[in-house]
Amino acid sequence: MGDVKNDVDVLVYGSAIVDFICYVDRLPKEGETIRGHKFENGFGGKGANQCVAAARLGSKCALIAKVGNDTWGEKYLENLQKEGVNTRHAKACEGKSTGIAQIAVSNDGENNIIIVTGANDCLDGSDVHEAGYLFDSAQVLLCQLETSVAGTLEALKRFKGISVLNAAPAMTNTPKELLQSASILCVNETEAALMTQTEDIKTLEQAKLATKKLMEMGANTVIITLGSQGAVYSEKGNSEKCYHVPGQKVDKVVDTTGAGDAFLGALAYHMAKYPEKSLHQHIGYANLQASYSVQYPGTQSSFPKAQSCPSTSQEFPYQAI
C-alpha cells in the first residue's frame, strides 16, 4: 500500500484514536443517564481523520502517529493502509493502549466527546527527526493539539512548506511560539472564543474580532470555521481585512462529528493540488467537503471520496466583512 513511498503531498503529525459512538435522542444533562438507540465504533483522532480526509480526495498522504501495542492499534494501522496512507511512521507504542474517544451524537447531529489519549502521548520530537525526509518532500503539513505541544512545535519548526495548526483541543494560554510557527491557524468558533477569552462567537462580526485578536496573539494567517455559516479568514500582513466564505446548505444534518477534520483534510488537499489558487477558493472547497460529511453518520466513514464529490475547479464566492 501507500506505506512504502517517500513522496507525499500532505504530511500529518498527530493523533490516532478509536471512536466509540453512542447515538441518542438528545445529549445528556450533567449527572443524567439516558438510553441510546445505536452504538458503533470507528477510527478517529484529529490527526488520522485529517490524513484520511485528504487521502480520500486524492492526496498522497503520510501520517506520523502512535497507536497502542494492542488489537485496536493493529486494526487502526490496517485501516490507514486500506485508505492508501503512508504508515511507515505510524507506529505501536509499547506499554500503552490505543487512544479512545467516547462520543455521544444526538438526533439533530450535535455531539459531545471525551478522549483518553493513551499511546498518542508517546509522540514527540524524536518522531519528527526520524521522519525528516517526509518534512523535506511534503507540500502541506497538518498538526493538531491531541498530542504533546512540544512535539507539535518541533514539527511546525521543522517544516518549510505551508503548515496548518488546528489548535484543538483549544488552550486558554496558547504559547505564542506555537502560533507563530504555523503558516495558518485554523480553529472553530468555540475554540477561537476560548483562546481569545471572549464571549461566544455567533456572528460574523464577532468572528472578525476574534480573528484580529488571534493575529495579535502571534498567529499569521487565521481561519475560523463557523459550521453552517462557513468560515472567515484574515491573511498574514493584512490583519485589518477579514473575509467570509459562505457555507454550503444541506437538507439534513445527520452527524457533525469529524466535520472540522473533513474541512482541514480538504483544505490541505486543495492547497497542495492548486497552490496558485487564492485562500478563499481553498476554504470554499473545504466548506463543500465538510457539508458533505455532516450528511452521513460516523467520522472517517462520512468523508467524501474523489469520485463522489463535486469538481475541484468550482469557483467559490467570498466577501469582505
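Student: Let's start with Cys93: is it buried or exposed?

Tutor: Keep in mind that this is a predicted model. Cys93 has a relative accessible area of 12%, so it is buried, because anything under 20% falls in that class.

Student: And which residue does Cys93 join in a disulfide?

Tutor: The general idea goes like this: a disulfide is a covalent bond between the sulfur atoms of two cysteines. In this model, Cys93 is joined to Cys122, with 2.3 Å from S to S. The torsion about their S-S bond is about -70°, so the disulfide is left-handed. Cys93 sits in strand β5 (residues 90-93), while Cys122 is in the loop between β7 (111-116) and α3 (125-130). The two are 29 residues apart, so to speak a link between distant parts of the chain. Cys122 is buried as well, with a relative accessible area of 17%.

Student: How many disulfides does the count come to?

Tutor: The count comes to one disulfide. Take Cys143, which is in no disulfide: the nearest cysteine sulfur belongs to Cys51 and is 12 Å away. Cys143 counts as buried, at 0% relative accessibility. Then there is Cys242, whose sulfur is 13 Å from the closest cysteine sulfur, in Cys186, and that is too far for a bond. Cys242 is buried too, at 2% relative accessibility.

Student: Next topic, the core. How many residues does the largest nonpolar core have?

Tutor: Here is the background: in soluble globular proteins, nonpolar side chains tend to be buried together. In this structure the largest nonpolar core has 47 residues. Val10, Leu63, Leu80, Val164, Ile223, Phe263 and Ile283 are the ones with the most contacts inside it. The element that gives the most to this core is helix α9 (residues 259-273), with nine residues.

Student: What does Ile223 touch?

Tutor: Leaving out residues up to four places away in sequence, Ile223 touches a list that includes Ile184, Leu185, Val187, Tyr233, Phe263, Leu267 and Ile283.

Student: How about charged side chains? How many salt bridges are there?

Tutor: The count comes to 10 salt bridges. One of them pairs Asp7 with Lys60, where the closest N and O atoms are 3.0 Å apart. Asp7 lies in the segment before β1 (10-13) and Lys60 in the loop between α1 (46-57) and β4 (61-68), so this pair ties together parts that are 53 residues apart in sequence. Asp7 is partly exposed, with a relative accessible area of 38%, and Lys60 is partly exposed with 43%.

Student: Which residue does Lys91 meet in a salt bridge?

Tutor: Lys91 meets Glu130, at 2.4 Å from N to O. Glu130 lies in helix α3 and Lys91 in strand β5, so parts that are 39 residues apart in sequence get tied together. Glu130 is partly exposed, at 41% relative accessible area, and Lys91 also counts as partly exposed, at 31%.

Student: Last one: rings. How many aromatic pairs are found in the whole structure?

Tutor: The search finds eight aromatic pairs. As for reading them, a pair of aromatic rings is described by the distance of the centres and the angle of the planes. For Tyr243 and Tyr318, the ring centres are 5.6 Å apart and the planes are at 55°, so the pair is tilted. Tyr243 is in strand β13 (residues 243-245) and Tyr318 in the loop between α10 (279-293) and β14 (319-320), 75 residues apart. Another tilted pair is Tyr269 and Tyr285, with 5.8 Å centre to centre and 40° between the planes. Tyr269 lies in helix α9 and Tyr285 in helix α10, so that pair ties together parts that are 16 residues apart in sequence.

Student: Are those two tyrosines, Tyr269 and Tyr285, buried or exposed?

Tutor: Tyr269 is buried, with a relative accessible area of 7%, and Tyr285 is buried with 0%. Elsewhere, ring pairs link Phe20, Phe39 and Trp72 into a cluster.

Note on methods:
Residues are numbered from 1 along each chain as its sequence is written. This is a predicted model: local features need pLDDT of at least 70, side-chain atom pairs count only at pLDDT 80 or more; totals for chains, interfaces and linings use all residues. Side-chain values use heavy atoms; hydrogens and water are left out. A disulfide is a pair of cysteine sulfur atoms within 2.5 Å. Helices (H or I, at least four residues) and strands (E, at least two) are DSSP runs, numbered from the N terminus. Buried means under 20% relative accessible area, exposed over 50%, partly exposed in between (1.4 Å probe, protein chains only). A nonpolar core is a set of buried Ala, Val, Leu, Ile, Met, Phe, Trp, Tyr and Cys residues joined through side-chain atoms within 4.5 Å. Contact means heavy atoms within 4.5 Å. A salt bridge is a side-chain nitrogen of Lys or Arg within 4 Å of a carboxyl oxygen of Asp or Glu. Rings of Phe, Tyr and Trp (its six-membered ring) pair if their centres lie within 6.5 Å; planes under 30 degrees apart count as stacked, over 60 as edge-to-face and the rest as tilted.
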